Amino acid sequence: RYDANFTQTPGEKSTDHLQMQQGRVYAEAQPIPNRLIFYVDEQVTPGDPVNHEAYAILWSADHDWYVKAGRMYLPFGFRLEDQTAFVYDVSSITMYAPDNGLELGWMRGHWDTQVTVSNATAAGALPSTNGKEYGLQASYVESGWRAGVAAHDDDSPFARRKILGVFGGLRTGPVDWLGELDSVENEWEPLKGVTQAAVLLEGDWLVAPGNNLKLTFERYDPDRGVADNGESRWSLVYELTPVQFVQLRVGVRDYYGPRPIPGERSRLVFVQLHGFL
């Protein structure tokens, strides 16, 4: 994955850079086809190797439930390609922060449900704190829409918090709509009593096969008890997938933060090339 971006901030010098964002290797083995699976996701560049996922998953014979154990991404709301989304700032449950744990899944009919117990390191807590994070996510899925709720209780000594989220999707012809609202109640100093929230609204228009236009609005409130301290972001992204294993993304993001802070109002223009081999 390669990334080139240009950032323009009022009153500051514009910046730009071109870099290899990630090089990753994925591997899977199925000792029992479609039943017992071992999976590894390893980032090999830049810098030192980083293990993102390494787990085993056992499916039932009819594939309506499973047990997963190891290092994994925790289920919470939508998994978005953009890991800088404001809903991730609130939940801290991102693809940059996998955790070691156990997941039980139940997928029957229209229901898609997961229960997790993990080491509470996804939120940035130290592994030695012996904290645990408990999660529950349930979705009802139809062919043209879906709705879900998610909840996490993090009892780590360095990040005590309760996270709640609601999310849903709707298909209207060639346009798919996504929405997610997340809220966090902090119980750990120095954020004790602070409620944080974020919302995401997104429309994806399939202009033609392999051509997707994405418009996103986001709002982040770092403290619901303080007025006019939130930040908004608009994004417009065009995604071209000429063949199955190559994607080109071109986009612009406008940030609108508190008015007294010029640095909180900026524009990011980026071009990304994703290749899958």
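Which residues make the nonpolar surface patch of about 900 Å²? In this predicted model, local features need pLDDT of at least 70 and side-chain atom pairs count only at pLDDT 80 or more, while totals for chains, interfaces and linings use all residues. Residues are numbered from 1 along each chain as its sequence is written, and side-chain values use heavy atoms, leaving out hydrogens and water.

The patch is made by Y2, M20, Y238, V243, F245, V246, L248, V250, V271, L273 and F276. Patch members have over 30% relative accessible area and no salt bridge, and nonpolar side chains are joined within 5 Å; a salt bridge places a Lys or Arg side-chain nitrogen within 4 Å of an Asp or Glu carboxyl oxygen. Areas follow the Shrake-Rupley method with a 1.4 Å probe. Strand β16 (246-256) supplies the largest share, three residues. Y238, in strand β15 (strands are DSSP E runs of at least two residues, helices H or I runs of at least four), is partly exposed at 33% relative accessible area.

Beyond its sequence neighbours within four places, I57 is in contact (heavy atoms within 4.5 Å) with R35, L36, I37, Y66, V67 and K68.

Finally, T195 in strand β13 counts as buried at 16%. The T195 side chain makes a polar contact, at 2.9 Å, with that of E185; this term requires a donor and an acceptor, N or O, within 3.5 Å.

Notes
Patches are made of residues with over 30% relative accessible area and no salt bridge: like charges are joined within 9 Å, nonpolar side chains (Val, Leu, Ile, Met, Phe, Trp, Tyr) within 5 Å. Buried means under 20% relative accessible area, exposed over 50%, partly exposed in between (1.4 Å probe, protein chains only).
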